[in-house]
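Dear colleague,

I am passing on the structure we spoke about, together with some notes on what turned up when I went through it. Please read them with the coordinates open beside you.

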Amino acid sequence: MIGFVGAGKVGAQAALEVASAGLSDMALVDIVPGLAEGEALDISHRLSDAGIDVQVTGSSDYSALQGAELVVITAGLARKPGMTRMDLLSKNSSIISDVARQVAKNAPGCVILMVTNPMDVMTYVALKASGFPKQKVVGQGGVLDNSRFKYVLAKRLGVSRSSITSLVMGEHGENMIPVASHTYVGGVPLGNLLNDEEVQQAIEDTRKVAADVITKKGATIFAPGRSVARMAAAIVNDTKEVLAASTLLEGEYGLRDICIGVPVKLGSAGVEQVYELRLSDRERDWFNKGADTLREAISSLNH
Ligand code: NAI
């Protein structure tokens, strides 16, 4: 069973994606009375037409999470036009501390998949508040950022998105790293197809594109929903898929005691392996800048 804490825009969309894939029974929880139940009913009606028989329930009581193998957390405030993800730090950290303790109490064996922003810091907060081992708490950011990078590149190059092999790692925020040095188009290195200025422009476009969606429609919903569902499938089906996701580093990349996006192997145990990748000097600088930002944010919470 998969639990969802937060049945707002991203939580409901992620739940719809997971349910539509017939992945698992699901329990939605939200503090707004009736909201999770309403979303669960709406999703269930959608499933009938597709002949999918997973059970979807909604509640404002955390005991609904009992038996969950995975809990997706989207509870908390979302950014409004003009805000950065980091602007949500103090309010969301107190919400996430409380939510993580409730999850640990009601679903002690689960993997937590963090979505709430600023996601890397919230992954760290949930890890500490839940008392879970580090493998069991992972954050979604890189999968979504990579979807945006692929969109930007496919448009610029006039190729199918499916021919692009890429990843976006580092902070899920202003310092994210679309890793151009390891991006290939049908096996051809990106540097053979775009000059340095064009690559930098694609990186900038990728970093800004979410803010653009928020300015235009108020929230990002469909793409995050899909990214969460992909990670949920890797965990629940134990596929061992390697994707960029936020995890606690303990010496990898020369860093420790922060959660940040790196390539990881996902399976039923959560983060089953962390992979180290050689970055270009510029990418390494961005990675360290993102790490500094996250370290400052974490230490500001302790004061
Ligand atoms: P939303 O405002 O539509 O939904 C948030 C929901 O959380 C609301 O329904 C609210 O009632 C609920 N909530 C608040 N406190 C709660 C608590 N203590 N227990 C249970 N439920 C609680 O916001 P939206 O658009 O769904 O975004 C959710 C979060 O996800 C935001 O922090 C947003 O920035 C983040 N986000 C992260 C992405 C990522 O890639 N990591 C992508 C898109 C959004």
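In which pocket does the ligand sit? The ligand sits in the largest pocket, and please keep in mind throughout that this is a predicted model. The elements that give two or more residues to the shell around the ligand are helix H1 (9-20) and helix H3 (89-106), with H3 supplying the largest share, three residues. In total 27 residues surround the ligand, the closest being Val-10, Asp-30, Tyr-62, Leu-77 and Gln-140, and by class the shell divides into 16 nonpolar, nine polar and two charged residues.

Of the 870 Å² that the ligand exposes when taken alone, the protein buries 88%.

The backbone geometry also deserves a look. Most residues other than glycine have a negative phi, and most peptide bonds are trans. Asn-117 and Pro-118, however, are joined by a cis peptide bond with omega of about -5°, and Pro-118 is found in the loop between strand S5 (111-114) and helix H4 (119-130). In the loop between helix H7 (222-236) and strand S12 (241-250), Asp-238 has a positive phi near 50°, and Lys-240, also placed between H7 and S12, has a positive phi near 65°. Asp-238 counts as partly exposed because its relative accessibility is 31%, and Lys-240 counts as partly exposed at 36%.

Best wishes

Conventions. Residues are numbered from 1 along each chain as its sequence is written. This is a predicted model: local features need pLDDT of at least 70, side-chain atom pairs count only at pLDDT 80 or more; totals for chains, interfaces and linings use all residues. Side-chain values use heavy atoms; hydrogens and water are left out. A residue is near a molecule or strand if one of its heavy atoms lies within 4 Å of it. Accessible areas come from the Shrake-Rupley method with a 1.4 Å probe; for residues, only the protein chains shown count as cover. On a 1 Å grid over the protein atoms alone, a cavity is a set of points where a 1.4 Å probe fits but cannot get out, and a pocket is an open set with protein on both sides within 12 Å along at least five of seven lines; lining residues have an atom within 4 Å of a point. A molecule sits in a cavity or pocket if more than half of its atoms lie within 2 Å of its grid points. Helices (H or I, at least four residues) and strands (E, at least two) are DSSP runs, numbered from the N terminus. Ala, Val, Leu, Ile, Met, Phe, Trp, Tyr, Cys and Pro count as nonpolar, Asp, Glu, Lys and Arg as charged, and the others, Gly among them, as polar. Buried means under 20% relative accessible area, exposed over 50%, partly exposed in between (1.4 Å probe, protein chains only).
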